[in-house]
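Let's take a friendly walk through one protein model and see how its inside is put together. Have the sequence and the 3D view ready as you read.

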Amino acid sequence: NCDHNVIVLSETWLNDKFNNEEIFPNDYVVYRRDRDPKSTGKERGGGVLIAVKNFMHFTRYDVPPTSTEEIWVGITYNNIVCYTIT
């Protein structure tokens, strides 16, 4: 029942069995980096996501895949660029 413009979560415990539409309404753009069991050796836990309302101006920055779970997004709000990293 929340109506936030930006949602940042860590320890999502999500994997490819979950669709973004199951978690957020269609007025959000969702960026996720789920835990990679191959690179971490762990099957459960981990994962991060950033969900941004689709009316906001934002840019996702590509980060080369590593063993860390991170997402970089730049959001422009009131002509100010804010960076959200999770």
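## A buried lysine

In this predicted model, Lys53 counts as buried, because its relative accessibility is 8% and buried means under 20%. You can find Lys53 in strand β3.

Which side chains make a polar contact with the side chain of Lys53? The table lists them with their distances.

| Side chain | Partner side chain | Distance |
|---|---|---|
| Lys53 | Asp3 | 2.6 Å |
| Lys53 | Asp27 | 3.1 Å |

Beyond residues up to four places away in sequence, Lys53 touches Asp3, His4, Asn5, Asp27, Tyr28 and Phe58.

Now let's turn to the nonpolar residues. In soluble globular proteins, nonpolar side chains tend to be buried together. Here the largest nonpolar core has 8 residues: Tyr31, Val48, Ile50, Val52, Met56, Ile71, Val73 and Ile75. Two or more of these residues come from each of the strands β3 (48-53) and β5 (72-77). Strand β3 gives the most to this core, with 3 residues.

Which residues is Val52, a member of this core, in contact with, once neighbours within four places in sequence are left aside? They are Asn5, Asp27, Tyr28, Val29, Phe58 and Ile75. Of these contacts of Val52, Ile75 also belongs to the largest core.

Another core, of 7 residues, lies apart from the largest one. Its members include Ile7, Leu14, Phe24 and Leu49.

How values were computed: Residues numbered from 1 in each chain as written. Predicted model: local features only at pLDDT ≥ 70, side-chain atom pairs only at ≥ 80, totals over all residues. Heavy atoms only, no water. Core = buried A, V, L, I, M, F, W, Y, C linked by side-chain atoms within 4.5 Å. Buried < 20%, exposed > 50% of the residue type's maximum accessible area, 1.4 Å probe, protein only. Helix = DSSP H or I, 4+ residues; strand = E, 2+ residues; numbered from the N terminus. Contact = heavy atoms within 4.5 Å. Polar contact = N/O pair within 3.5 Å; in protein donor to acceptor, adjacent residues only side chain to side chain.
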